Amino acid sequence: MEKFDFLLGVWQLKSEVPKSQFSESDSGEGRGEFKRILNDRYVTFDYQLEYSNSKSGAHAIFVWDNKYKNYKYFQILRA
């Protein structure tokens, strides 16, 4: 999981949402944090964003898949 070292720490986030048939354009700001857990076997990313009319966020985890020799990424979105 050393490949993720450059991401570790707290990040200030900015997000731009373009206008579409599903939403008006908007922008948001927030905070995210990458950290190692469980004896450095996993890296997690938790973030929160605030837009003009809503909030968003997610929990994510990165893990090494030894069988396929690649990284896997799983994300759970919060509305």
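How many salt bridges does the structure hold? I count three salt bridges, taking a salt bridge as a side-chain nitrogen of Lys or Arg within 4 Å of a carboxyl oxygen of Asp or Glu.

**Ground rules.** I am working on a predicted model, where local features need pLDDT of at least 70, side-chain atom pairs count only at pLDDT 80 or more, and totals for chains, interfaces and linings use all residues. Residues are numbered from 1 along each chain as its sequence is written, and side-chain values use heavy atoms, with hydrogens and water left out.

**Entry: salt bridges.** I started with Asp5 and Arg36, whose closest N and O atoms are 2.3 Å apart. Asp5 sits in the segment before strand 1 (9-17) and Arg36 in strand 2 (residues 26-37), so this pair ties together parts that are 31 residues apart in sequence. For elements I use DSSP runs, numbered from the N terminus: helices are H or I with at least four residues, strands are E with at least two.

I then looked up accessibility, with buried meaning under 20% relative accessible area, exposed over 50%, and partly exposed in between (1.4 Å probe, protein chains only). Asp5 comes out partly exposed at 39%, and Arg36 is partly exposed too, at 24%.

Next I checked Glu24, which lies in the loop between strand 1 and strand 2. Its side chain meets that of Lys19 in a salt bridge, 3.8 Å from N to O. Glu24 is exposed at 56%, and Lys19 is exposed at 59%. For contacts I take heavy atoms within 4.5 Å. Skipping residues up to four places away in sequence, Glu24 touches Val17, Pro18 and Lys19.

Then I went to Asp65 and Lys72, a salt bridge with the closest N and O atoms 3.7 Å apart. Is Asp65 buried or exposed? I find Asp65 buried, with a relative accessible area of 18%, whereas Lys72 is partly exposed at 28%.

**Entry: Ser15.** I found Ser15 in strand 1, and it is buried at 16%. Which side chain does the side chain of Ser15 make a polar contact with? The partner is the side chain of Tyr51, at 2.8 Å. My rule for a polar contact is a pair of N or O atoms within 3.5 Å; within protein, one must be able to donate a hydrogen and the other to accept it, and residues adjacent in sequence count only if both atoms are side-chain atoms. Not counting residues up to four places away, Ser15 also has Asp26, Ser27, Gly28 and Leu49 among the residues it touches.

**Entry: strand pairing.** I call two strands paired if DSSP finds at least two bridges between them. Strand 3 (residues 42-51) and strand 4 run antiparallel over nine bridges, and a hairpin of three residues joins them. Val43 has Phe62 in strand 4 as its bridge partner.

Strand 4 and strand 5 are also antiparallel, joined by nine bridges; here Ala58 is partnered by Leu77 in strand 5. The hairpin of strand 4 and strand 5 has four residues between the strands, and Lys69 in it takes a positive phi near 55 degrees.

**Entry: aromatics.** I let rings of Phe, Tyr and Trp (its six-membered ring) pair if their centres lie within 6.5 Å; planes under 30 degrees apart are stacked, over 60 edge-to-face, and the rest tilted. How many aromatic pairs does the count come to? I get seven aromatic pairs. One of them is Phe62 with Tyr73, tilted, at 4.7 Å centre to centre and 40 degrees between the planes. Phe62 belongs to strand 4 (residues 55-65) and Tyr73 to strand 5 (residues 70-78), so the pair ties together parts 11 residues apart in sequence.

Phe62 is buried at 14%, while Tyr73 is partly exposed at 41%. Both turn up in one aromatic cluster, together with Phe4, Phe34, Phe45, Tyr47, Trp64 and Tyr71.

**Entry: nonpolar core.** By my rule a nonpolar core is a set of buried Ala, Val, Leu, Ile, Met, Phe, Trp, Tyr and Cys residues joined through side-chain atoms within 4.5 Å. The largest has 12 residues, including Met1, Leu7, Val43, Leu49, Tyr51, Ala60 and Phe62. Strand 3 and strand 4 are the elements that give two or more residues to this core, and strand 3 gives the most, with five residues.

I finished on Met1: leaving aside neighbours within four places in sequence, its contacts include Arg36, Asp40, Val43, Phe62, Trp64 and Tyr71.
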